[in-house]
Amino acid sequence: MNFFEFRKEIKNKNASVKELTNEFLNKIETYNPKLNAYITTTKQKALEQAEYIDKIIDKNESLPKLAGLPLAIKDNLCTKGIVTSCSSKMLKNFVAPYESTTTKNLWNSGAICLGKTNLDEFAMGSSTETSAFGVTSNPWDFDRVPGGSSGGSAASVAAGLCLAAIGSDTGGSIRQPASFCGVVGLKPTYGRVSRWGLIAFASSLDQVGPITNNVSDAAELLYVISGKDSYDSTSLDEPVPNYLLDLDKPIKGLKIGLINQCFDHPGLDPEVKSSVLNSVEIFKALGAEIFNVECPRFNDGIATYYVIAPSEASANLARYDGVKYGFRSPNCDNLLDMTSKTRSQGFGDEVQRRILIGTYALSAGYSDAYYKKAQKVRTLIRNDFDNAFKNVDILLTPTCPTTAFLKGDYSNDPLSMYLSDLLTVPVNLAGLPAISLPCGLDKKGLPIGLQLIGNVLEENRILNAANVFEKELSFSTTKPKLQI
């Protein structure tokens, strides 16, 4: 079900908002024990919100933009009065005392909170296997991962356990799980959406965005959550366009660039490559002009990212020391003992690994060799994108080199898993908007994702291209058959 279908049910008086919300809650109760997409469900809050919308409907009053739409929220966004854990033992019992700007905008627009979704601990991972609350399953194959770090959000949308979900994207954490789960995932321009209330991983890379069943729903959610926020100095003071207005505009003459470095990479699965190139032919038939473009440093993005992101994480996660809030190790002799035990017991292996990498990269004698050099390469990557956009309107790549892999495939080889973000991290390094949408299935019946990249603040352009393509392909009606 998408936003249009949900609203049709309400308009035709086929069901009340409360009844439809209960249907989602019942489905969560049935499927979540095996899927593990939700960490926390907020039944009481959801039904109270639904009753409020039903009263507005009964009075024939004007409805807010997202009236009655049941959503799921990634559990690294603060929700007042609800546990916000980041899927970590460190914040297992942390109840946020305030509302993030994103969720505040959603509730003010009439959306309903079904609960908080699972993620890789502190958003560090590409499979949702590093969560302290267990692995999330992919609805297309319960033996496979849903991607990460927003795996719980993507899985909940794909499984029909919510109408849409909110995720966060630091190096592909919305787009990669969207690709693995066969749904739409949008990473906005850096600063387009406020980060206030998003528990930080890497502050210069993090961005909040929607995961939905179709492109138009993503456009609608983006409009609601975007805008300048006085609580976030990095949010952009730019007008927010109505992204729905240009969705159906013909794309004849649109110049699409294929990044050669993506299609020539040896790690790209042949089935993924074939499906994405078939999609290029659809764009051609729709009137788009296709060009090959060079981004020479594109494949350097992964090495650059895994210096910058851990460095920022090392600084951001220094606050979790057992003093003010969160987990504190018992039976400690002194402050140093408490801090070291708290962090070693409260953080999982992957988080500790990235903190150590970041601390090393920032340490005296090494910051010039690693962190500063990575920042210089980051600038060169952005320059490559700028040069590409002089000749084309949008860029096209696969979202991921492969389809969803089996649980445990990379449990002893975390560095190989990092390559799952190969095609997504350059976008974050450059601060650009990008969208992933499904473009087919491989021979195993697993979804394949297509990525469209836009220039700064040109979300409307990639949404338009994605929407026209989606309607031509009609994949959005293809959903996994859940089995319990």
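Modeller: Tyr305 and Tyr306 are both buried, where buried means under 20% relative accessible area, exposed over 50% and partly exposed in between (1.4 Å probe, protein chains only). This is a predicted model, in which local features need pLDDT of at least 70 and side-chain atom pairs count only at pLDDT 80 or more, while totals for chains, interfaces and linings use all residues. Residues are numbered from 1 along each chain as its sequence is written, and side-chain values use heavy atoms, with hydrogens and water left out.

Biologist: How is a pair of aromatic rings described?

Modeller: One gives the distance of the centres and the angle of the planes. Rings of Phe, Tyr and Trp (its six-membered ring) pair if their centres lie within 6.5 Å; planes under 30 degrees apart are stacked, over 60 edge-to-face, and the rest tilted. The whole structure contains 17 aromatic pairs. In one of them, the planes of Tyr305 and Tyr306 stand at 80 degrees with ring centres 4.8 Å apart, so this pair is edge-to-face.

Biologist: What are the distance and the angle for Tyr320 and Tyr325?

Modeller: Their centres are 6.0 Å apart and their planes at 90 degrees, an edge-to-face pair. Tyr320 counts as buried because its relative accessibility is 3%, whereas Tyr325, at 34%, is partly exposed.

Biologist: Is Ser100 buried or exposed?

Modeller: Ser100 is buried, because its relative accessibility is 0%.
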